[in-house]
Amino acid sequence: MSKDDQQLRRTREGAAVGAGVKEAHPMKYMLLMNHAPGGPSAGEWTPEDRKASGAHMMAIHEELSASGELVGAEGLTGPEAAKIVAHDGVGAPVVTDGPFPEAKEFLAGYWLVDVESEERAIEIAARTSAAPGPGGKPGAREIQVRPVMTRDAPDLEP
Amino acid sequence: VTSTSRVEDLLRDLGPQVLGAVARRYGDLADAEDSVQEALVAAATQWPAEGVPDDPRAWLTTVAARRMTDRLRREGARRRREVAVAVREPVDPPSAPDRDDSLTLLFLCCHPALTPASAIPLTLRAVGGLTTAEIARAFLVPEATMAQRISRAKQRIKASGASFAMPTGSELRDRLRSVLHVLYLLFNEGYAASSGAQVARSELSAEAIRLTRMVHSSLPDDPEVAALLALMLLNEARRPARTGPGGELVPLAEQDRSRWDRALIEEGVALVTAALPTGAVGEYQLQAAIAALHDEAESAEATDWPQILALYGLLERMTGNPMVTLNRAVAAAMVDGPGAGLALLDGLDDRLAGHHRLDAVHAHLLEMSGDGEAAIAHYQTAAARTTSIAERDYLLMRAAGLTARNG
């Protein structure tokens, strides 16, 4: 596959008029990070390690703000402070307190970015993933990169 | 005392004109834009209370020029800049025709040093006179995010060393191509807006048409400019029929053609008819010609598909774009049957692998050929891959319709 074709694949299709010629197009991606297995206290963090990790994340945040790519970002508490609610519409809602030993993955936070290509979203995710962990080593935590769906009404045909 | 909304309308009209004048005089878009914004803010606070001055444009230009001078002084490049200004001033008074300034401004905002994604908001702000908040709303991002994007775009133009002057000769041709491309994308941004829910966004199409009209009136003999305007009008004409009351997509074949805008179609057809024989055939002329054939057809069945197929053939040769091939496959199916269309898709597996539109067209052609089961599978794959909620719903609905018929 040629480079152009790859580029084509990764850019969102606008509702290109007429011939439906596809164009590069800013698109929103949600970058999702889960809590580290075993919780935030896992591993041997020194104060310096924590500082380095925070500085790494802050630098990314500032860069994305300055470039006009950051739409929003939030961090979430761990499962200890979470509740899961389910309601069958009839009885009382069932509220379960965390932590949830069954849940392998638990969302820790997200970045919502509006970028010109999937490559750029992946680049941001990779830098986030490489935030230093215990001992200053890159953490290599998994970041999910998810295209955000739009309310757009693209043309269906030529 | 003047009503606030009247002042706002006036300022929106005058903003780009004043910016054009100040940018030309000082040769710096980024600083001129900031100075004009300050002048507009001053007017927006003073005029509703104190009344609009006799010559509002001159008032704004004077205030903006004063701010500009302050700015240059502050920046500490005083001597160098003032020499530059002194050289420019006598030959280039700020009272030159508005349209030339607006056109020059448009060419600067669509400078090839910028990606279209940066050029579009800058154009809307500087030439369209939209506020950053309005642009942010149209693109569904926070205002601060859009402000940064516009500011970066201005800095990039500054860094590229581009000057406030209309390009000439072969440079004009290249730069015009960038301008048309940006306007085309701007139109598409607005055209993709689903009706009702995204009013701010759909106004982008109106702005694209307004700016393309401006380019067309300055360069009336350029067939690609005329064709791009025609293409926009011919598509805009179908807007009322292309989505249903709930925002659901209505395919061309099922659209209520009585809801198409006849006046826009007439104007678009006249433009493309006049443009086609004038010179080298370009992409926009071919696209507009195809759109005109659709718009002129009384029904989907009465469409001149052989002609559309031929035009897609030309467009494919010109662009080499696999998306064009996809559209040619649909036209081929309409002319020679679904088998002909499916045969054209064979070559696309590699070039559009994983793209939802390939699956969507594949599904459509399989449905035409009577292979419901395979069509359902491709509709579902396409639905899982599209990023448009409306398109996903449409594709799943097609699949459900086939399931109901098969079962």
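The expected span of a helix is 1.5 Å times one less than its number of residues. Keep that rule at hand as you look at the structure above, which is a predicted model.

With 15 residues at 1.5 Å a residue, H16(B) should span 21 Å, and its end C-alpha atoms are 20 Å apart, so the two values agree. H16(B) is also mostly covered, with 11 of its 15 residues buried. Among them are B:Pro322, B:Met323, B:Val324, B:Asn327 and B:Ala333.

Helix H19 of chain B, residues 372-385, passes the check too: its 14 residues reach 20 Å from the first C-alpha to the last, close to the 20 Å expected. Here the buried residues are B:Gly372, B:Ala375, B:Ile376, B:Tyr379, B:Ala382 and B:Ala383. They cover an arc of only 130° around the axis, which means that they sit on the same side of H19(B). The cover over these buried residues includes helix H18 (356-369) and helix H20 (389-406) of chain B. On the face turned away from the buried side you will find the exposed residues B:Glu373 and B:Ala384.

**Rings and charges**

Next, the aromatic rings. Over all chains, a search of the whole structure finds 4 aromatic pairs. In one of them, the rings of B:Trp47 and B:Trp59 have their centres 5.1 Å apart and their planes at 70°; planes over 60 degrees apart count as edge-to-face, so this pair is edge-to-face. B:Trp47 belongs to helix H2 (residues 29-50) of chain B and B:Trp59 to helix H3 (residues 56-75) of chain B, so the pair ties together parts that are 12 residues apart in sequence. B:Trp47 is buried, with a relative accessible area of 2%, whereas B:Trp59 is partly exposed, at 23%.

Two arginines of chain B also lie over ring faces. B:Arg238 is placed over the face of B:Trp260, at 5.9 Å from the ring centre, and B:Arg242 is over the face of B:Tyr191, at 4.1 Å from the ring centre.

**Backbone details in the loops**

Most residues other than glycine have a negative phi, and most peptide bonds are trans.

A:Pro99 is in the loop between strand S4 (94-97) and strand S5 (107-115) of chain A.

**How confident is the prediction?**

For chain A, the mean pLDDT is 81, and 78% of its residues reach 70 or more. Residues 1-23 of chain A call for some care: pLDDT stays under 50 over this stretch, although the model has 74 contacts for it beyond four places in sequence. Where pLDDT is low, the predicted coordinates should not be read in detail.

Note on methods
Residues numbered from 1 in each chain as written. Chains lettered and ligands numbered in written order. Predicted model: local features only at pLDDT ≥ 70, side-chain atom pairs only at ≥ 80, totals over all residues. Heavy atoms only, no water. Helix = DSSP H or I, 4+ residues; strand = E, 2+ residues; numbered from the N terminus. Buried < 20%, exposed > 50% of the residue type's maximum accessible area, 1.4 Å probe, protein only. Arc of directions from axis to C-beta. Contact = heavy atoms within 4.5 Å. pLDDT = per-residue confidence, 0-100. Phe/Tyr/Trp six-rings, centres within 6.5 Å; stacked < 30°, edge-to-face > 60°. Lys NZ or Arg CZ within 6 Å of the ring centre and 35° of its normal.
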